[in-house]
Amino acid sequence: MPQIQNEKLTVKEIIAMGVGAMVGGGIFSVLGLAMAQAGHAAPLAFALGGVIALLTGVSYAHLGLDFPSDGGSFTYLEHAFRNRNIAGIGGWLLLVGYVGTMALYAYTFGSYGSALLGGHGTAGNAMHHLLQSLVMLAFLGINLYGVKASGTSELLIVTIKVLILGLFAVIGLYFVNTDHLLPVFDLGASGLFMGAALIFVAYEGFELIPNSVNEMEQPTRNLKRGILWSVGITTAIYVLVSLVAVGNLTAEEVHKYGEYALAEAARPFLGHAGFVLIGVAALFSTASAINATLFGTARLGLVMATEKELPKVFGFRRKQNNIPWVSLLAIVNAHLF
(Lines give C-alpha, C1' and ligand atoms only; values in the text may rest on other atoms or scores of the structure.)
Protein backbone atom coordinates (compact mmCIF):
# COMPACT_ATOMS: atom_id res chain seq x y z
CA MET A 1 0.00 0.00 0.00
CA PRO A 2 1.62 3.32 -1.02
CA GLN A 3 2.62 5.67 1.75
CA ILE A 4 0.96 9.07 2.02
CA GLN A 5 3.41 11.59 0.62
CA ASN A 6 2.84 14.29 3.22
CA GLU A 7 3.87 12.22 6.25
CA LYS A 8 6.08 14.34 8.50
CA LEU A 9 8.29 13.82 11.54
CA THR A 10 6.83 15.03 14.86
CA VAL A 11 8.96 17.02 17.29
CA LYS A 12 9.40 13.89 19.45
CA GLU A 13 10.70 11.97 16.45
CA ILE A 14 13.04 14.84 15.55
CA ILE A 15 14.45 14.82 19.08
CA ALA A 16 14.82 11.04 18.89
CA MET A 17 16.73 11.41 15.62
CA GLY A 18 19.12 13.84 17.28
CA VAL A 19 19.62 11.78 20.44
CA GLY A 20 19.94 8.64 18.33
CA ALA A 21 22.65 10.19 16.16
CA MET A 22 24.60 11.49 19.17
CA VAL A 23 24.23 8.68 21.71
CA GLY A 24 25.48 6.02 19.32
CA GLY A 25 28.90 4.56 19.76
CA GLY A 26 30.13 7.83 21.28
CA ILE A 27 29.92 7.07 24.99
CA PHE A 28 31.33 3.59 24.37
CA SER A 29 34.29 4.71 22.25
CA VAL A 30 35.37 8.11 23.63
CA LEU A 31 35.02 7.43 27.35
CA GLY A 32 38.58 6.16 27.57
CA LEU A 33 39.89 9.20 25.69
CA ALA A 34 38.03 11.56 28.00
CA MET A 35 39.40 9.88 31.13
CA ALA A 36 42.92 9.78 29.72
CA GLN A 37 42.89 13.54 29.09
CA ALA A 38 40.64 14.90 31.83
CA GLY A 39 40.98 12.23 34.54
CA HIS A 40 38.43 12.71 37.31
CA ALA A 41 37.08 15.76 35.45
CA ALA A 42 35.80 13.63 32.54
CA PRO A 43 32.12 14.31 33.45
CA LEU A 44 32.89 18.04 33.39
CA ALA A 45 34.54 17.59 29.98
CA PHE A 46 31.34 15.99 28.69
CA ALA A 47 29.34 18.88 30.17
CA LEU A 48 31.61 21.45 28.50
CA GLY A 49 31.32 19.59 25.21
CA GLY A 50 27.54 19.72 25.59
CA VAL A 51 27.56 23.50 26.12
CA ILE A 52 29.64 23.98 22.96
CA ALA A 53 27.30 21.66 21.06
CA LEU A 54 24.31 23.64 22.32
CA LEU A 55 25.76 26.93 21.08
CA THR A 56 26.66 25.37 17.75
CA GLY A 57 23.20 23.83 17.53
CA VAL A 58 21.56 27.27 17.83
CA SER A 59 23.59 28.38 14.81
CA TYR A 60 22.53 25.28 12.87
CA ALA A 61 18.89 25.97 13.73
CA HIS A 62 19.08 29.49 12.30
CA LEU A 63 20.92 28.28 9.20
CA GLY A 64 18.38 25.51 8.72
CA LEU A 65 15.51 28.01 8.72
CA ASP A 66 17.29 30.57 6.55
CA PHE A 67 18.29 27.92 4.00
CA PRO A 68 15.69 25.11 4.35
CA SER A 69 17.33 22.25 2.49
CA ASP A 70 17.95 18.59 3.27
CA GLY A 71 21.56 19.25 2.23
CA GLY A 72 22.34 20.67 5.67
CA SER A 73 25.99 21.71 6.01
CA PHE A 74 26.59 21.23 2.28
CA THR A 75 23.90 23.80 1.48
CA TYR A 76 25.29 26.26 4.04
CA LEU A 77 28.73 26.01 2.44
CA GLU A 78 27.17 26.70 -0.95
CA HIS A 79 25.74 29.97 0.33
CA ALA A 80 28.85 30.92 2.29
CA PHE A 81 31.38 30.63 -0.58
CA ARG A 82 31.18 31.67 -4.21
CA ASN A 83 33.51 28.87 -5.25
CA ARG A 84 31.30 25.80 -5.69
CA ASN A 85 34.29 23.49 -5.22
CA ILE A 86 34.42 24.36 -1.52
CA ALA A 87 30.87 23.12 -0.97
CA GLY A 88 31.57 20.07 -3.13
CA ILE A 89 34.67 19.14 -1.14
CA GLY A 90 32.81 19.76 2.11
CA GLY A 91 29.90 17.61 0.96
CA TRP A 92 32.20 14.75 -0.01
CA LEU A 93 34.00 14.96 3.33
CA LEU A 94 30.67 14.80 5.11
CA LEU A 95 29.57 11.80 3.08
CA VAL A 96 32.79 9.91 3.73
CA GLY A 97 32.64 10.83 7.41
CA TYR A 98 29.04 9.68 7.83
CA VAL A 99 29.67 6.42 5.96
CA GLY A 100 32.72 5.76 8.14
CA THR A 101 30.73 6.58 11.28
CA MET A 102 27.99 4.13 10.30
CA ALA A 103 30.67 1.49 9.73
CA LEU A 104 31.87 2.07 13.30
CA TYR A 105 28.31 1.79 14.62
CA ALA A 106 27.67 -1.41 12.68
CA TYR A 107 30.99 -2.87 13.89
CA THR A 108 30.15 -2.01 17.52
CA PHE A 109 26.67 -3.51 17.10
CA GLY A 110 28.25 -6.73 15.83
CA SER A 111 30.81 -6.77 18.66
CA TYR A 112 28.26 -6.43 21.45
CA GLY A 113 25.76 -8.69 19.72
CA SER A 114 28.22 -11.54 19.29
CA ALA A 115 29.50 -11.05 22.86
CA LEU A 116 25.97 -11.24 24.29
CA LEU A 117 25.23 -14.33 22.20
CA GLY A 118 28.40 -16.02 23.41
CA GLY A 119 30.23 -16.06 20.09
CA HIS A 120 33.94 -16.92 20.28
CA GLY A 121 36.74 -17.63 17.82
CA THR A 122 35.83 -18.28 14.20
CA ALA A 123 32.14 -18.69 14.99
CA GLY A 124 32.18 -15.38 16.87
CA ASN A 125 33.77 -13.58 13.93
CA ALA A 126 31.17 -14.99 11.56
CA MET A 127 28.37 -13.97 13.93
CA HIS A 128 29.91 -10.49 14.22
CA HIS A 129 29.92 -9.97 10.43
CA LEU A 130 26.40 -11.38 10.11
CA LEU A 131 24.98 -9.08 12.77
CA GLN A 132 26.58 -5.93 11.39
CA SER A 133 25.25 -6.75 7.93
CA LEU A 134 21.77 -7.57 9.22
CA VAL A 135 21.43 -4.32 11.16
CA MET A 136 22.35 -2.29 8.07
CA LEU A 137 19.88 -4.21 5.90
CA ALA A 138 17.13 -3.87 8.53
CA PHE A 139 17.37 -0.08 8.61
CA LEU A 140 17.70 0.08 4.85
CA GLY A 141 14.28 -1.60 4.69
CA ILE A 142 12.81 0.77 7.29
CA ASN A 143 14.14 3.87 5.51
CA LEU A 144 12.91 2.62 2.14
CA TYR A 145 9.45 2.07 3.58
CA GLY A 146 8.98 5.69 4.51
CA VAL A 147 9.74 8.75 6.61
CA LYS A 148 7.23 7.87 9.31
CA ALA A 149 8.61 4.34 9.67
CA SER A 150 12.09 5.78 10.24
CA GLY A 151 10.82 8.34 12.76
CA THR A 152 8.60 5.94 14.71
CA SER A 153 11.27 3.24 14.96
CA GLU A 154 13.83 5.84 16.07
CA LEU A 155 11.54 7.14 18.81
CA LEU A 156 10.93 3.62 20.13
CA ILE A 157 14.59 2.58 20.09
CA VAL A 158 15.85 5.84 21.62
CA THR A 159 13.24 5.71 24.40
CA ILE A 160 14.36 2.20 25.38
CA LYS A 161 18.06 3.04 25.37
CA VAL A 162 17.55 6.26 27.37
CA LEU A 163 15.60 4.29 29.99
CA ILE A 164 18.36 1.66 30.21
CA LEU A 165 21.17 4.21 30.49
CA GLY A 166 19.10 6.21 32.96
CA LEU A 167 18.63 3.10 35.13
CA PHE A 168 22.37 2.43 34.96
CA ALA A 169 23.14 6.01 36.02
CA VAL A 170 20.63 6.18 38.88
CA ILE A 171 21.71 2.87 40.41
CA GLY A 172 25.39 3.43 39.71
CA LEU A 173 25.50 6.78 41.51
CA TYR A 174 24.90 4.98 44.82
CA PHE A 175 28.02 2.87 44.31
CA VAL A 176 30.43 5.58 43.16
CA ASN A 177 33.85 5.46 44.81
CA THR A 178 34.64 9.04 45.83
CA ASP A 179 38.38 8.29 45.69
CA HIS A 180 37.93 7.99 41.91
CA LEU A 181 36.39 11.46 41.72
CA LEU A 182 38.66 13.55 43.96
CA PRO A 183 40.61 15.66 43.43
CA VAL A 184 38.53 16.79 40.45
CA PHE A 185 41.47 18.15 38.44
CA ASP A 186 43.91 15.36 39.17
CA LEU A 187 45.50 15.79 35.71
CA GLY A 188 45.35 19.58 35.76
CA ALA A 189 42.71 22.06 34.61
CA SER A 190 44.05 21.97 31.03
CA GLY A 191 42.96 18.32 30.80
CA LEU A 192 39.35 19.46 31.04
CA PHE A 193 39.63 21.46 27.82
CA MET A 194 41.64 18.77 26.04
CA GLY A 195 39.05 16.18 27.01
CA ALA A 196 36.16 18.38 25.86
CA ALA A 197 37.87 18.96 22.51
CA LEU A 198 38.42 15.24 21.95
CA ILE A 199 34.93 14.12 22.90
CA PHE A 200 33.07 16.84 20.96
CA VAL A 201 32.83 14.31 18.11
CA ALA A 202 30.34 12.41 20.29
CA TYR A 203 27.94 15.36 19.99
CA GLU A 204 28.20 15.97 16.27
CA GLY A 205 25.09 14.00 15.36
CA PHE A 206 22.84 17.04 15.99
CA GLU A 207 24.01 18.50 12.66
CA LEU A 208 21.98 15.80 10.88
CA ILE A 209 18.70 17.23 12.19
CA PRO A 210 18.54 20.07 9.59
CA ASN A 211 18.93 17.38 6.90
CA SER A 212 15.31 16.46 7.60
CA VAL A 213 13.96 20.03 7.65
CA ASN A 214 11.63 19.29 4.72
CA GLU A 215 10.37 16.09 6.37
CA MET A 216 9.33 17.60 9.71
CA GLU A 217 6.13 19.16 10.98
CA GLN A 218 6.25 22.95 11.50
CA PRO A 219 10.00 23.33 10.89
CA THR A 220 10.00 27.00 11.92
CA ARG A 221 8.94 25.86 15.40
CA ASN A 222 10.32 22.34 15.68
CA LEU A 223 13.80 22.54 14.14
CA LYS A 224 15.30 24.61 16.95
CA ARG A 225 13.35 22.71 19.62
CA GLY A 226 14.55 19.43 18.19
CA ILE A 227 18.20 20.48 18.24
CA LEU A 228 18.16 22.05 21.71
CA TRP A 229 16.22 19.23 23.38
CA SER A 230 18.31 16.51 21.77
CA VAL A 231 21.60 18.16 22.78
CA GLY A 232 20.28 18.74 26.31
CA ILE A 233 19.14 15.14 26.75
CA THR A 234 22.40 13.82 25.31
CA THR A 235 24.50 16.02 27.61
CA ALA A 236 22.59 14.80 30.67
CA ILE A 237 23.11 11.16 29.62
CA TYR A 238 26.81 11.62 28.91
CA VAL A 239 27.51 13.46 32.18
CA LEU A 240 25.63 10.95 34.36
CA VAL A 241 26.98 7.87 32.61
CA SER A 242 30.57 9.16 32.63
CA LEU A 243 30.22 10.05 36.33
CA VAL A 244 29.26 6.47 37.14
CA ALA A 245 32.04 5.10 34.92
CA VAL A 246 34.72 7.32 36.46
CA GLY A 247 33.42 6.48 39.92
CA ASN A 248 33.65 2.73 39.34
CA LEU A 249 36.65 2.27 37.04
CA THR A 250 40.21 3.51 36.89
CA ALA A 251 41.71 4.90 33.68
CA GLU A 252 43.78 1.71 33.40
CA GLU A 253 40.65 -0.44 33.57
CA VAL A 254 38.94 1.66 30.91
CA HIS A 255 41.96 1.21 28.64
CA LYS A 256 42.04 -2.52 29.38
CA TYR A 257 38.36 -3.17 28.64
CA GLY A 258 38.19 -0.84 25.63
CA GLU A 259 34.73 -0.70 24.04
CA TYR A 260 33.36 -2.91 26.84
CA ALA A 261 34.46 -0.49 29.59
CA LEU A 262 30.97 0.83 30.28
CA ALA A 263 29.60 -2.69 30.58
CA GLU A 264 32.41 -3.54 33.01
CA ALA A 265 31.54 -0.42 35.04
CA ALA A 266 28.12 -1.98 35.74
CA ARG A 267 29.58 -5.22 37.14
CA PRO A 268 30.45 -3.90 40.65
CA PHE A 269 26.83 -3.09 41.48
CA LEU A 270 24.80 -5.23 39.05
CA GLY A 271 27.07 -8.21 38.42
CA HIS A 272 26.79 -10.05 35.11
CA ALA A 273 23.27 -8.65 34.67
CA GLY A 274 24.87 -5.20 34.48
CA PHE A 275 27.14 -6.31 31.68
CA VAL A 276 24.13 -7.67 29.79
CA LEU A 277 22.10 -4.51 30.49
CA ILE A 278 24.77 -2.20 29.08
CA GLY A 279 25.34 -4.62 26.21
CA VAL A 280 21.67 -4.30 25.28
CA ALA A 281 21.93 -0.50 25.65
CA ALA A 282 24.89 -0.57 23.24
CA LEU A 283 22.82 -2.51 20.70
CA PHE A 284 19.98 0.01 20.89
CA SER A 285 22.40 2.94 20.86
CA THR A 286 24.27 1.84 17.76
CA ALA A 287 21.07 0.76 16.00
CA SER A 288 19.41 4.16 16.53
CA ALA A 289 22.59 5.92 15.40
CA ILE A 290 22.65 3.87 12.19
CA ASN A 291 19.02 4.74 11.48
CA ALA A 292 19.43 8.47 12.12
CA THR A 293 22.71 8.75 10.21
CA LEU A 294 21.39 6.75 7.26
CA PHE A 295 18.28 8.95 7.13
CA GLY A 296 20.24 12.21 7.04
CA THR A 297 23.10 11.01 4.83
CA ALA A 298 20.75 9.73 2.12
CA ARG A 299 19.16 13.15 1.88
CA LEU A 300 22.55 14.83 1.76
CA GLY A 301 23.43 12.60 -1.19
CA LEU A 302 20.16 13.50 -2.91
CA VAL A 303 20.78 17.25 -2.59
CA MET A 304 24.39 16.88 -3.74
CA ALA A 305 23.14 15.03 -6.83
CA THR A 306 20.65 17.83 -7.49
CA GLU A 307 23.54 20.31 -7.34
CA LYS A 308 25.60 18.07 -9.69
CA GLU A 309 28.19 17.18 -7.04
CA LEU A 310 27.17 13.51 -7.30
CA PRO A 311 25.93 11.48 -10.28
CA LYS A 312 22.33 12.33 -11.20
CA VAL A 313 21.14 8.85 -10.26
CA PHE A 314 21.63 9.65 -6.55
CA GLY A 315 18.77 12.12 -6.87
CA PHE A 316 16.21 9.49 -7.89
CA ARG A 317 13.20 9.24 -5.57
CA ARG A 318 10.39 6.73 -5.19
CA LYS A 319 7.17 8.12 -6.66
CA GLN A 320 5.04 6.79 -3.80
CA ASN A 321 6.86 8.58 -0.96
CA ASN A 322 9.76 10.64 -2.34
CA ILE A 323 12.32 8.41 -0.60
CA PRO A 324 15.88 8.78 -2.05
CA TRP A 325 16.17 5.04 -2.71
CA VAL A 326 19.34 5.09 -4.85
CA SER A 327 21.20 7.12 -2.25
CA LEU A 328 20.08 4.72 0.50
CA LEU A 329 21.10 1.65 -1.51
CA ALA A 330 24.52 3.14 -2.36
CA ILE A 331 25.29 3.99 1.28
CA VAL A 332 24.36 0.54 2.58
CA ASN A 333 26.13 -1.15 -0.33
CA ALA A 334 29.32 0.68 0.70
CA HIS A 335 29.18 -1.11 4.05
CA LEU A 336 28.30 -4.57 2.77
CA PHE A 337 30.84 -4.92 -0.04
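Start with helix α8 (residues 147-172) and helix α13 (residues 267-306), which pack at an angle of about 150 degrees with their axes 9 Å apart. Helices here are DSSP runs of H or I with at least four residues, strands are runs of E with at least two, and both are numbered from the N terminus. Each axis is a line fitted to C-alpha atoms, for helices over the stretch in contact, and angles run from 0 to 180 degrees between N-to-C directions. That makes α8 roughly antiparallel to α13. The angle classes are: under 35 degrees roughly parallel, over 145 roughly antiparallel, 65 to 115 roughly perpendicular, and the rest oblique.

Now look at the handedness. α8 passes α13 in a left-handed crossing. A crossing is left-handed if the near helix is turned anticlockwise from the far one by less than a right angle, and right-handed if clockwise. Colour the contact of α8 with α13 by residue class: 18 are nonpolar, six polar and three charged. Ala, Val, Leu, Ile, Met, Phe, Trp, Tyr, Cys and Pro count as nonpolar; Asp, Glu, Lys and Arg count as charged; the others, Gly among them, count as polar.

A note on the model: it is predicted, local features need pLDDT of at least 70, side-chain atom pairs count only at pLDDT 80 or more, and totals for chains, interfaces and linings use all residues. Residues are numbered from 1 along each chain as its sequence is written, and side-chain values use heavy atoms, with hydrogens and water left out.

**Zoom out**

Show the whole protein chain. Its secondary structure comes to 14 helices and zero strands. The radius of gyration of the protein chain is 20 Å, close to the 20 Å that the globule rule gives for 337 residues, so the chain is as compact as a globular protein of that length. That radius is taken over C-alpha atoms, and the globule rule is 2.2 Å times the number of residues to the power 0.38. Along the principal axes, the C-alpha atoms fill a box of roughly 60 × 45 × 35 Å.

α13 passes α14 in a right-handed crossing.

Next, select helix α4 (residues 42-66) and helix α9 (residues 190-199): their axes come within 8 Å and cross at roughly 55 degrees. That makes α4 oblique to α9. The crossing of α4 and α9 is right-handed.

**Into the spaces**

Go to the second largest pocket, which holds about 190 Å³ of space. Select W92, L95, V99, F314 and I331; of the 13 lining residues, these are the closest to the centre of the second largest pocket. The lining of the second largest pocket has 10 nonpolar, three polar and no charged residues.

The search uses a 1 Å grid over the protein atoms alone: a cavity is a set of points where a 1.4 Å probe fits but cannot get out, a pocket is an open set with protein on both sides within 12 Å along at least five of seven lines, and lining residues have an atom within 4 Å of a point. Grid points are joined across faces, edges and corners, and a volume is the space filled by probe spheres set on the points.

How many cavities of 30 Å³ or more does the whole structure hold? The search finds two.

- The largest cavity has about 70 Å³ of space. Select its lining: L9, M17, G18, A21, G205, L208, I209, S212, A292, F295 and G296. α1 (11-22) and α13 each supply at least two residues of this lining. By class, seven are nonpolar, four polar and none charged.
- The second largest cavity has a volume of about 30 Å³. Its lining is G71, G72, S73, L94, Y98, E207, N211 and L300. Three are nonpolar, four polar and one charged.

**Last stops: the backbone**

Most residues other than glycine have a negative phi, and most peptide bonds are trans. Centre on P183, in the loop between α8 and α9. The peptide bond from L182 to P183 is cis, with omega near -5 degrees.

Move to Q218, in the loop between α9 and α10 (219-248). Q218 is not a glycine, yet has a positive phi of about 40 degrees.

Finish at N322, in the loop between α13 and α14. Phi of N322 is near 60 degrees, a positive value in a residue other than glycine.
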